[in-house]
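The following note sets out numbered points for a colleague who has the sequence and the model at hand. It begins with the overall architecture and then turns to individual residues.

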Amino acid sequence: MAVSSKKPCYVTTPIYYSSGKVHIGNSYTTIACDVFARFNRLMGHDVFFLTGMDEHGQKIEEAAQKAGLTPEVFVEGIAEETKKLWHNLRISNDDFIRTSELRHTKVVQKMFEEMLKNDDIYLGTYSGNYCVSCETYFTKTQLGEDQTCPDCGKQTKIISEEGYFLRLTKYQQKLIDFIEQNPDFIQPEQRKNEVLSFIKSGLEDLCVSRTSFKWGIPVLSNPKHVVYVWIDALSNYLSVLGYGSENESNYQKYWVNSDMVFHVVGKDILRFHAVYWPIMLMALGVPVKFKLIAHGWILIKSGRMSKSRGNAVYPMDLVNRYGLDPVRYYLAKELAHGNDGLFSYERFVERYNNDLANDLGNLLSRTISMIQKYRNGIIPSYQGFVTPYDQGIKELTKTVISEYIENFARFSLPAGIAKVWTLIDRANKYIDETEPWKLAKDESNKAVLDSVLYHLAEILRISGVLVSPILVEAAPKIQAALGIKEPMPQLESLEFGYTFTGLVESLSEPLFKRVKLEEELAYFNEDNQENETTPLKEQAIVTEEPKEEHKPIVTIDDFAKLDLRVGEIIDSKKHPNATKLLVSQVKIGEEVRQIVSGIAEYYQPEEIIGKKVLVVVNLKPVKIRGEMSNGMLLCAEEGDKLELLESKMPSGSSIK
Ligand code: MSP
């Protein structure tokens, strides 16, 4: 197991725009960072965890106007609401920065003047396509069709204004060298390559001030300009640490002298963090200490969630029904390293029932009740390898702890969580293998039963510690149920072989109560109407029709009826009722569809996650053995070989 020493560790979320209520997508970053921060504390590190609000800019000024409020009052309301949400989600942040605070504005003004003085910022004129929503200018090559914004798809406007520019061009090569010399600067790897090719395609100096709106930080030496929001926003990571102020001790500790500085960002804002931010730091002579962890998006079936589309899911609606831990668990488990993930009530309930209520909750209640029934609540002491399974369990525990640490340390939360569940699954299987209720019938099995009960309690204790960064309410309940009074141990001292001294205590209610999917879907009023059923053979992939040498000739018009697209498989699992079928979630542009395909004999579900494949998207939706299928994955087939057809083009690209 990795032994750690107490190191200063700085973890940041992006700061959220104060334009409206925070939804489950934004909450993902905060919850995932909270899990990461708590994990690092459990490793013994000295963690400073920061989140906050990005309060300036035209969009917020307009939103305030619409609400009939001054921007100050408007952002105050949003900040209070967001703080309350983080409190309810038990986010353990050490500070909460708001960019309208004086401590921040002073630092931004100072940084700006410093860069101006050193000629890293200069005054010029800017004219370009500007997206008001994203508060970004785009070059001609970046624009979508009809001059639309490549990020949000809205129409851009041509704007000309006097502006200050940051010399990105001057630092282009230095940044390329830096990224190439620091291979773990941007994670995951594939994102690093995207950033590098963006930089290599040629940077242009960046306009870093605006005169077209007022709600921002004025440039000290020329106050008709306000500082462009990205410069303002990115600086929060330093202003909070007191950089440039009278007391720079936190800046020295958590930045200059730390090798654990992590900015966690969504893929949409990676470029700002990977290009503008290091260049600003280089210009200011501040060391580029941070690592960037880029994550994907939580999507819903109809695509990307947005407040304006009114399709957003809000975390407190789920917390109010299921409690906090299931929401934290789902989000921490959902986004595999850097990939997009899906939120659906169906999946949420499935995870809740299977992982939490069945696997973990039942294991705890069964173990506690057996210890009460067979040993009057006293957990037997450890006797070494008694059953044929005990040695394997001890070894597994050791591997799980070290692999969990390895994965969590690089922000691979789903993989780390999956490791813990291998241990929980092992314990459940151990009950089936040893059948303690049979052992209890014969006194001559006493030593074996003691060993079984000890192992179950010990697995639960260890799992309880490992899940404590995620399941903040359940973990202490597990410890209490096992009669443990002392605080959670740190990970470096967590190992198999604890001596239990207290009496076990039953929980007043199950850790997680099972729920019924239909009732939950009805509660959330999700469209659960089944589409018309179509026979299996209409799905070309599972067809068993005799093959013809060639199919009849079709015209180009026939072919044009097919809508073929590139889709990215973001999740896949075995069909619950058919061994040959996989049920996959496929992201096509911004939409996520479920597609059932007859490929289970050729691919394991995990193998195809992340593949970009060709999809027929306008096939009539059908239900296949109880699972909806909306589209078809294209494959090449020859004899007993089958291969999914793949493409490197972005998801949503159409195939001609
Ligand atoms: N204010 C900027 C960030 C400045 S950081 C110096 C911003 N704010 S935001 O509110 O629009 O987004 C904040 C974060 O939420 C981003 O990392 C973004 O990727 C993330 N998410 C927004 N929707 C999301 C999902 N549906 N899923 C996961 N993350 C999502 O950008």
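1. Overall architecture. The protein comprises 21 helices and 24 strands, where helices (H or I, at least four residues) and strands (E, at least two) are DSSP runs numbered from the N terminus. Its radius of gyration is 28 Å, close to the 26 Å that the globule rule gives for 656 residues, so the protein is as compact as a globular protein of that length. That radius is taken over C-alpha atoms, and the globule rule is 2.2 Å times the number of residues to the power 0.38. Along the principal axes, the C-alpha atoms fill a box of roughly 90 × 75 × 50 Å.

2. Basis of the values. This is a predicted model in which local features need pLDDT of at least 70 and side-chain atom pairs count only at pLDDT 80 or more, while totals for chains, interfaces and linings use all residues. Residues are numbered from 1 along each chain as its sequence is written, and side-chain values use heavy atoms, with hydrogens and water left out.

3. Of the 656 residues, 55% count as buried; buried means under 20% relative accessible area, exposed over 50%, and partly exposed in between (1.4 Å probe, protein chains only). The accessible surface comes to about 29300 Å², and carbon and sulfur atoms hold 49% of that area. Accessible areas come from the Shrake-Rupley method with a 1.4 Å probe, and for residues only the protein chains shown count as cover. Among contacts with a separation of 6 or more, 74% are between residues 24 or more positions apart, a contact being heavy atoms within 4.5 Å.

4. Aromatic pairs. The structure holds 38 aromatic pairs. Rings of Phe, Tyr and Trp (its six-membered ring) pair if their centres lie within 6.5 Å; planes under 30 degrees apart count as stacked, over 60 as edge-to-face and the rest as tilted. The pair of Tyr-345 and Phe-524 is stacked, because the ring centres are 4.3 Å apart and the planes stand at 15 degrees. Tyr-345 belongs to helix α13 (residues 345-375) and Phe-524 to the loop between α19 (517-523) and α20 (556-560), so this pair ties together parts that are 179 residues apart in sequence. Tyr-345 is buried at a relative accessible area of 16%, and Phe-524 is buried at 15%.

5. An edge-to-face pair. Tyr-454 and Phe-496 form an edge-to-face aromatic pair, with 6.0 Å centre to centre and 75 degrees between the planes. Since Tyr-454 lies in helix α17 (residues 446-467) and Phe-496 in the loop between α18 (474-481) and α19, the pair ties together parts that are 42 residues apart in sequence. Tyr-454 counts as buried at 1% relative accessibility, as does Phe-496 at 12%.

6. A ring cluster. Ring pairs also link nine residues into a cluster: Tyr-10, Phe-48, Phe-178, Phe-185, Tyr-237, Tyr-254, Trp-255, Trp-277 and Phe-290.

7. Charges over rings. Which ring does the charged end of Lys-21 sit over? It is the ring of Tyr-314, with the charged end 4.4 Å from the ring centre. Likewise, the charged end of Arg-351 sits over the ring of Tyr-330, 5.9 Å from its centre. The criterion is that NZ of Lys or CZ of Arg is within 6 Å of the ring centre and within 35 degrees of the ring normal. Tyr-314 also lies 9.7 Å, C-alpha to C-alpha, from Asn-26, although 288 residues separate them in sequence. Asn-26 is in helix α1 (residues 24-42) and counts as buried at 19% relative accessibility.

8. Cysteines. With a disulfide taken as a pair of cysteine sulfur atoms within 2.5 Å, the count comes to zero disulfides. The sulfur of Cys-149 has its closest cysteine sulfur in Cys-131, at 3.7 Å, which is too far for a bond. Cys-149 is buried at 3%, whereas Cys-635 is partly exposed at 23%.

9. Backbone points to inspect. Most residues other than glycine have a negative phi, and most peptide bonds are trans. A cis peptide bond joins Gln-187 and Pro-188, with omega about -5 degrees; Pro-188 is in the loop between β7 (186-187) and α6 (189-200). Asp-146 has a positive phi of about 55 degrees, lies in the loop between β5 (136-138) and β6 (157-166), and is exposed at 62% relative accessibility. Arg-625 has a positive phi near 45 degrees, is found in the loop between β20 (622-624) and β21 (627-629), and is partly exposed at 48%.
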